[in-house]
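Here's a quick briefing on charges and contacts. Have a look at the sequence and structure below, then read on.

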Amino acid sequence: MSLLTRRHRLTRSAACAAVTVVGLLASLGLTSCADSGHAPDEGTRPVLAQAGQQTARVNDRHVIAISVDGLNPRALSKLGRKRAPNLHALVFDEGAGTVNARTQTEMTVTLPNHTSMVTGRRIAADKGGHGVTWNSESDHRSVHQAAGEDVGSVFRQVHAAGGRTGVYATKAKFALFKRSWPGAVDRNVIKVENNTAAVRALRSDLASRPPSFAFLHLGKPDQAGHRSGWLGKRYLKAVRTVDRLLGSVMRQVRSTPALRGSTVIVLTSDHGGPKGGKNHSDRRDIQNYRVPFAIWGAGVDNVGLYRLNPQRATPGRGRPGPGAARQPIRNGDLGNVSLSLLGLPPIPGSKWGRGQDLTWRR
């Protein structure tokens, strides 16, 4: 375990209480500063902490969280290193990764799983989950309305700690994030079915004012899977296109001094898809619930993620439930491992990775 990770864990318990209180005050519309003269929205950054405590502040790292929508890990073996060199670098050759992480158990569809990524919660609202069970842009509820209570997010944690956040997505339904945490999503770019434009917007921001936390959604493989079937020629071509786009972000990180020593990519997916099939809703099919998870960049060791984290259960072909004593690595770990990288405590109310035990170092 790295010294950085140890320091995070030593200070996390004290910092968590302060950030949780500040986030709760903000979500209720209460001021955190007596002389501010007005009640802030949830995007207002805290200037006072509880007596005797210091509010956690974001460190100088940058985290780019990337979800490749519908990425069946078998695509990596089918394409090989020659045709998908950047995915191989992220998962196998340079990063700490696995191709045997898990989705949420309740559903293997897009919006519910992405909401788990940014909240650290399971889906079922009656079990403490976020409650987002719809998968279209036609439902205009917020995450809070779906859950029946206030729901924290990685965006709120980063923003409250003085960092900037951004969403760069390729499906209209991702308006949910800005709608739910309007003051905490500083930059919201949605380019429907235009993966190149979404990446271009992210890269422009990385060159001018890099956000502390950026969430990039790339939907092309999912679109190709629904239209032509998973793991077919068009699907694999879509994965190759995404691989090239990922490579452009990785090259920018490597070639920019201000980013090279401070930037980490966290990559996963919301679901896979069965070979030849055009639907991924069967949550009992391993082709749907098995996804990759990788951490790549500054300070990350090139070791298998389960090897680095023996406290997590390697699931084989199984689908452990939320109540399992030892959990596998899940796509829902994304939010809290990103916060750990940024030196921040976990998302209040989260379940996945709440202990921030997932390490990227020996």
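**Salt bridges, a positive patch and a buried serine**

D282 is partly exposed, at 34% relative accessibility. Its salt-bridge partner is R284, with the closest N and O atoms 3.3 Å apart, and R284 is exposed at 64%. Keep in mind that this is a predicted model.

**Salt bridges**
- The structure has 15 salt bridges.
- One of them pairs D222 with K171, whose closest N and O atoms sit 2.6 Å apart.
- That pair ties together distant parts of the chain, 51 residues apart: D222 is in helix α9, while K171 is in the loop between β3 and α7.
- Both ends are buried, D222 with a relative accessible area of 3% and K171 with 11%.
- Another bridge runs between D93 and R81, with 2.8 Å between the closest N and O atoms.
- Here helix α3 supplies D93 and helix α2 supplies R81, 12 residues apart.
- D93 is partly exposed at 35%, and R81 is partly exposed at 48%.

**Positive patch**
- R83, K220, R234, K237, R240 and R244 make up a positive surface patch.
- Helix α10 (residues 233-255) gives the largest share, four residues.
- K237 is found in helix α10 and counts as exposed because its relative accessibility is 60%.

**Around S212**
- D60 is 152 residues away along the chain, yet the two C-alpha atoms, of S212 and D60, are 7.8 Å apart.
- Beyond its sequence neighbours within four places, S212 contacts residues including V58, H62, V158, R164 and L342.

Technical notes. Residues numbered from 1 in each chain as written. Predicted model: local features only at pLDDT ≥ 70, side-chain atom pairs only at ≥ 80, totals over all residues. Heavy atoms only, no water. Patch = residues over 30% accessible without salt bridge, like charges linked within 9 Å, V, L, I, M, F, W, Y side chains within 5 Å. Areas by Shrake-Rupley, 256 points an atom, 1.4 Å probe, with all protein chains shown as cover. Salt bridge = Lys/Arg side-chain N within 4 Å of Asp/Glu carboxyl O. Lys, Arg positive; Asp, Glu negative; His and termini not counted. Charge placed at Lys NZ, Arg CZ, Asp CG, Glu CD. Helix = DSSP H or I, 4+ residues; strand = E, 2+ residues; numbered from the N terminus. Buried < 20%, exposed > 50% of the residue type's maximum accessible area, 1.4 Å probe, protein only. Contact = heavy atoms within 4.5 Å.
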